[in-house]
Amino acid sequence: MSFELFSNLVGAFFTLAIFSFLYKDNPLYQMSEQLLVGISLGYSFVLSYERVFIPFFWQPIILKQQFILIIPAIIGAFYLFRFSRKLSWLSRYPIAFSMMGTGASVALAMHSSILVQMRQAMIPIENFNLFLIFLGTITVLLYFFFSKAHTGVYGKFVSIGKWFMMVGFGASFGLTVMARISLLIGRIQFLVNDVFAKIF
Amino acid sequence: MKKTIPLMIVICGGILWLLWVFVPHTIMADGFYSKFYLPWARAMAPFAIILGIFSLSMMHTAKIRRRAPKWQYSYFFFAGFIATSLAGFIGGTQKGGLYMWMFENMAMPMSATMFSLLAFYMASAAYKAFRARSAEATVLLAAAIVVMLAQVPLGVKISKHLPTISQWILDVPNLAAKRGIMLGVGLGSVATTLKIMLGIERSYLGGD
Amino acid sequence: MRLSNRLLKLTLLLAFAVALGLSVASKDPASGRNVVEDLRVEDIPSDNGDGLVVSWKPLHRSKRIIEYRIYRGVHPDTLFFTQAVPVNPNVGFAGDRMYFYDSGFGEFIDITSPGKLKQEKQQKPGSPLYRKIPRDMELAARLSESYDIYASVERSAFYKRAKKVYSANEADSTAYAGFQFRHQNLLASMRPGVTYYYSVVAVDERSRFQDPAPVVSGSPFPNAPEEAAALYGVWLDDTRELRFEWEYPMVKDNIMQYQIHMVSGIDADAWENVKDNPDQRSAYLRPITSGPAGGGALPAYTAVPMPDGIPANAQFAIELMNRVGSAFSSLAAPRMLDSTHLPEKPTFYVEDKPNDKGDRLSVIWDHPIVFVTKTTSLDRNNSRLQVNYQLNKTDTQDVKNLYFEFTKMGENKPFTTIKEYYQDMSFIINVPKGYDYRKGFKVRITMEGQKVDRKSYTLEQELRWDESMMTLMPGKELWRNGVEVSKIQNVVFRRGITSPMYVMMKRNTCFDNNLDVNVPYPSTVGKLVSGFSFVKDGNLHTYMNGERHMRKLKAGESRSGYALVSPEVSFTYDAETGTQLSFNIFRDEAFKQVENDKKELATLKSQIAKADSPDPQLQAQVDALETQVKLYDTNENVIEALKIKGQRAWTRFITKIREPESRQHNYKVVKTDTRGLFVEADLDVNEEGEPNFHFPISNWFAKDKFVTLIAVIVYGALVVTFVTLAKRGKQLYIRPIAGLDEIDNAVGRATEMGRPMLYCMGHGGLSDVATLASMSIITQVAKKAAEYDTKMIVPCYDYIVLPIVQEIVREAHYSVGRPDTYDKNNIFYLTNSQFAYVAAVNGIMIREKMATNFFLGYFSAEALLMTETGNTVGAVQIAGTDSVTQIPFFITTCDYTLIGEELYAAGAYLNREPMLLGTLKAQDYFKIIIVFLVVVGSLLSSLQVMTLLNILPTK
């Protein structure tokens with residue numbers, strides 16, 4: 001048995017184990033599930049050792065002797081105080097440091113998610129389709145207006161937005177179906193071409 | 001000390017970051033971001049994953065100790081985790097090593113299969129929408145069917161107008177809905193981040 | 001229990017089988033033999049003697065090799081890993097031989113190098129193969145005798161961490177700047193004439209090292225260049241000029257000069273036979289012109305006044321020269337033209353890029369350029385055509401309206417004119433009735449904007465039928481003001497403040513109107529390494545210029561090893577005298593130098609005075625030194641520098657002067673047809689005729705974000721207003737939101753059923769705002785759960801989110817007075833691999849028989865997998881996300897779905913805290929402003945008033 005076929009057999013075994021979940025939860029699936037989580041965690045553990053710990057911790061602090069970075073390293077180590085009952089408040093320091101970035105999100109979201117979108121929404125209404133887009137944008141936006149209940153004429157107007165959304169959601173549903181089916185076909189092709197065809 | 005200083009860090013740091021957006025000067029772009037923030041954030045990062053590993057290991061240890069239902073399977077978690085870590089640390093992460101082999105022939109097929117299950121789940125979701133018999137679900141499903149059929153040869157056989165309708169759905173109602181939602185999402189994002197930056201929302205810091 | 005025991009045994013058996021299979025499969029008898037055959041090392045032709053080409057016969061595909069590792073050394077016993085060439089094991093390598101070009105400066109020692117000498121993996125005892133060269137100064141010193149070493153030192157380390165080091169050679173009193181390994185990257189280049197040894201090892205897909213190939217050796221040698229790839233000539237009859245343009249060969253770095261010769265008395269074929277023989281060819285040559293080539297970076301064109309006695313049918317050849325020899329090109333016969341055939345003389349200006357950190361400039365040589373890129377027929381009768389176009393312009397060039405005039409082929413009057421006041425890069429035209437559109441159209445494009453109007457600037461294209469694309473496509477030609485320019489290139493050159501030579505930057509097509517130039521801030525300082533010093537057994541060793549010196553270490557001398565480089569750096573350029581002044585980075589040494597220069601000048605002068613006859617060589621030396629000494633008293637930068645006290649201030653001042661100067665450039669644009677018809681732009685000079693040197697400016701405010709700033713301020717003001725109102729007790733109405741009202745019931749249901757709940761935050765990190773929104777919801781849900789004493793499981797995807805959620809839930813338990821029921825094992829990290837996460841969550845859902853599931857946060861493809869499983873266990877599901885692609889799946893499979901913004905509003909809605917409600921109200925009122933502006937903006941733009949639209953940012 002070639003090494004490649006052996007590797008593919010292992011792959012096929014776990015592929016089938018996961019597919020078996022479609023029938024019902026079973027020991028094979030439970031085993032693969034736990035293995036998958038274990039392997040993924042181990043994988044990212046080793047990867048962060050290699051790509052985060054070594055280049056951003058070991059190399060600058062130990063090898064390059066940039067001792068100033070000991071401060072963030074200590075703050076980072078505060079994460080581990082979560083396991084202490086008395087000192088768990090220390091873990092708020094690294095959390096606070098990672099929350100700082102929200103300041104940038106305020107301006108960036110305003111810029112790219114609101115103002116740029118507004119510009120795109122202001123295009124000249126030159127035909128009926130553009131009018132529909134305009135109407136849809138406004139009604140969908142008003143659908144999310146929380147200060148007025150959806151009743152009366154206003155409610156009817158706003159519900160136009162709801163229908164726009166439903167059609168839009170349907171479109172994005174429909175768009176993904178084919179991509180997912182091709183994934184399934186890919187798995188079946190793996191089983192058929194790379195495994196069964198080579199055994200029999 | 002326990003809560004005020006972290007809050008001050010968030011508020012002051014938040015203001016710095018806000019400045020960073022509006023001040024493209026090299027003092028902010030290089031001095032603050034590249035020379036201070038990046039190395040600091042990266043030097044903190046390695047500890048967080050240790051926290052994650054501890055957390056999951058503790059959960060499984062507790063399960064085994066308590067003989068919780070299906071506790072035996074927790075051994076598989078440990079087996080997978082320890083084997084991969086050892087393989088990576090001892091054998092290295094290069095292609096051809098056991099570490100990569102385990103990833104490529106165990107984790108990848110499982111993940112890819114999990115992903116491909118979506119094809120089945122999508123069918124059942126569509127069926128549910130069909131059963132729901134609400135007007136909204138029907139509209140959604142109808143749009144989905146049109147767009148889906150337009151992508152396959154069968155669709156064109158049913159009606160030659162199908163691709164045109166599908167394109168119209170994508171270009172008009174879909175675009176309008178997306179734009180409206182994105183504008184709302186943008187507003188929500190600004191509000192949420194602003195709340196954190198101003199210290200109005202501080203649930204992430206927990207109690208005292 | 002019995003059953004599960006049996007299952008356990010079964011699975012353990014299975015695991016054992018897998019392990020057995022793995023170990024059996026790995027015992028492949030073929031291992032350890034597959035030696036690479038026919039390994040050869042040869043000199044790279046036409047280079048300057050720093051390159052070797054290593055080649056070998058690759059192993060057969062069945063060996064499943066994934067990489068070939070190349071080892072190099074200066075001694076056959078010690079070869080270091082140099083580089084690996086990857087191969088796809090499924091396909092193998094297609095050719096008979098594999099080649100590896102080892103040339104120029106390559107990796108030598110850096111921070112990732114091993115700490116000490118390590119033998120390569122899986123080697124037998126006595127194997128000559130080692131891993132990368134270790135961080136060992138003695139070894140580096142020894143190797144430096146066979147390589148040229150270049151140190152790239154981090155900028156701040158160069159000025160702050162340089163150690164003043166003296167050589168072990170007592171005769172050498174120079175102070176060197178010494179750097180340890182941690183401050184620099186060392187690169188090495190092979191030296192001509194030195195013998196290098198190589199071996200190659202194949203590694204198979206299971207990481208097994210095959211046996212190394214027998215060691216072979218080779219030496220690089222400098223060679224004469226290759227001949228020019230092409231030479232083009234043009235006679236310009238009216239201006240009596242000869243113009244040449246040529247193309248350099250592939251390897252061009254070492255080409256120093258060119259010379260163009262007229263070749264007469266021989267035909268092209270015969271020339272090919274004699275051109276490589278100096279004795280035979282010399283009879284036919286007459287030199288016309290020559291110049292520097294600068295390694296192929298300098299202009300590859302020249303113009304000479306037509307020399308006398310040149311026949312009209314003369315042929316020419318270009319000779320490219322380097323230190324070793326030269327090569328002649330094939331013959332080229334010039335085209336007979338006149339100056340009307342020349343392209344239009346380019347005019348250009350250089351502009352700082354706005355709103356950046358100051359590392360980019362634009363060189364602009366034309367108005368914005370607009371051209372049609374493709375067309376699409378919109379219906380089956382081909383009566384409507386969508387036209388896509390592209391607009392190339394800089395950020396500062398404003399275009400108000402574009403006009404596209406379409407004309408039928410063979411007619412002059414346009415049948416339609418499209419005015420593009422909103423430039424969305426496409427428009428639709430109606431094809432005239434009765435016209436077969438396959439005949440094509442002519443498009444005439446004009447524009448109105450800043451500095452450009454419809455009369456002075458037109459672009460024209462032709463749309464022709466393309467059989468393969470089945471549509472009308474633009475032809476290759478582009479007419480600019482009636483002149484066909486598609487073959488014209490706009491070549492940008494620049495020169496620094498100290499050099500008179502223009503160096504080529506980029507060739508641009510006629511569709512470009514500007515070039516973005518990156519002028520980075522210096523981040524490293526590069527220097528050739530003069531030598532290495534290290535301390536061994538109390539002795540200081542210095543290896544320099546091929547000599548080894550040793551002396552006892554003096555008291556107070558550092559025991560560390562150093563790479564020694566010259567501490568001199570260029571300081572400032574004195575434009576008046578054309579002198580480049582350098583200074584030592586050690587202040588005391590620099591001051592010593594100044595004193596020495598003055599003394600030496602005095603001695604030299606007295607020597608001249610004493611001498612009987614004038615010595616021109618000595619005089620030149622005195623003159624040069626005199627200019628320099630004079631600058632010590634006259635150059636402002638130098639005067640200021642010499643006032644400085646303290647080493648830190650000294651280096652700071654040096655960088656302050658030297659770095660901006662190194663980033664100043666004078667630019668030049670040349671239009672050429674690449675075949676000898678070229679026109680240079682006028683020199684970029686100021687009114688006094690001095691060259692303009694441009695450098696980018698670091699901006700303090702991003703003007704393109706001005707509106708954003710105002711919007712943020714307005715939003716902030718709204719928030720403050722409503723928060724104050726809310727605090728004063730004003731009742732703020734919020735309409736009911738279905739999904740959120742159900743949360744209470746959903747928690748209650750779980751309590752009644754005595755089953756747990758699942759709360760999934762999605763797979764976003766802290767940078768996803770949806771995760772932050774979800775955090776404020778979980779605060780409320782956790783409180784309810786704690787109150788009702790219902791178990792809530794939160795599997796986290798991101799390990800930074802984990803401690804935050806733990807903190808939130810713990811706090812929730814404390815706040816409702818149930819700290820005893822908090823179990824941190826219910827909030828755990830799973831993994832940040834998307835589908836592993838789903839697999840585990842699905843498992844948990846089924847085994848714990850969830851009564852209620854919450855999916856709130858950022859989701860992608862995994863969403864449906866979880867919600868469908870949730871459905872099968874009969875859980876009530878409340879979902880919410882801002883990712884538009886997943887909302888449809890939530891809607892179809894969940895009981896309640898929060899769409900987009902509702903997710904963000906949920907925290908405030910549930911909490912009812914005045915501060916949070918205040919922000920929600922502010923959000924609502926800002927929405928009103930947006931709706932109002934969008935309505936007004938759309939109406940205005942429909943009336944072709946683009947003011948409001950143009951205020952908003954485009955990206």
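This is a predicted model: local features need pLDDT of at least 70, side-chain atom pairs count only at pLDDT 80 or more; totals for chains, interfaces and linings use all residues.

Trainee: Which residue stands opposite Met757(C) in E46(C)?
Mentor: Met757(C) faces Met792(C) there.

Trainee: And what does the chain pass through from E45(C) to E46(C)?
Mentor: The path runs through helix H12 (residues 769-788) of chain C, and this β-α-β crossover is right-handed.

Trainee: How many bridges join E45(C) and E48(C)?
Mentor: Strand E48 (residues 852-858) of chain C pairs with E45(C) over 5 bridges, in the parallel sense. Within E48(C), Phe855(C) is the bridge partner of Cys760(C).

Trainee: How many residues of E45(C) are buried?
Mentor: The strand is mostly covered, with 6 of its 6 residues buried.

Trainee: Let us change topic. How many aromatic pairs does the structure hold?
Mentor: Over all chains there are 73 aromatic pairs. In one of them, Phe571(C) and Phe583(C) have ring centres 5.1 Å apart and planes at 45 degrees, so the pair is tilted.

Trainee: Where in the chain are those two residues?
Mentor: Phe571(C) belongs to strand E41 (residues 568-574) of chain C and Phe583(C) to strand E42 (residues 579-584) of chain C; they are 12 residues apart, and the pair links distant parts of the chain.

Trainee: Why does Phe571(C) count as buried?
Mentor: Phe571(C) counts as buried because its relative accessibility is 1%, and the cut-off is under 20%. Phe583(C) is buried as well, with a relative accessible area of 3%.

Trainee: What about Phe855(C) and Phe859(C): why is that pair edge-to-face?
Mentor: Their planes stand at 75 degrees, with the ring centres 6.2 Å apart, so the pair is edge-to-face; the cut-off for that class is over 60 degrees. Phe855(C) is buried at 0% relative accessible area, and Phe859(C) is buried, also with a value of 0%.

Trainee: Which residues form the aromatic cluster with Phe45(A)?
Mentor: From chain A, Tyr49(A), Phe53(A) and Phe57(A) take part, and from chain B, Phe47(B), Phe77(B), Phe78(B), Phe81(B) and Phe89(B).

Trainee: One last topic: which ring lies under Arg438(C)?
Mentor: Arg438(C) lies over the face of Trp465(C), 4.6 Å from the ring centre. Likewise, Arg587(C) has its charged end over the ring of Phe591(C), at 4.3 Å from the centre.

Technical notes:
Residues are numbered from 1 along each chain as its sequence is written. Chains are lettered from A and ligands numbered from 1 in the order in which they are written. Side-chain values use heavy atoms; hydrogens and water are left out. Buried means under 20% relative accessible area, exposed over 50%, partly exposed in between (1.4 Å probe, protein chains only). Helices (H or I, at least four residues) and strands (E, at least two) are DSSP runs, numbered from the N terminus. Two strands pair if DSSP finds at least two bridges between them. A crossover is right-handed if, with the strands pointing away from the viewer, the path from the first strand over the helix to the second runs clockwise. Rings of Phe, Tyr and Trp (its six-membered ring) pair if their centres lie within 6.5 Å; planes under 30 degrees apart count as stacked, over 60 as edge-to-face and the rest as tilted. A charge sits over a ring if NZ of Lys or CZ of Arg is within 6 Å of the ring centre and within 35 degrees of the ring normal.
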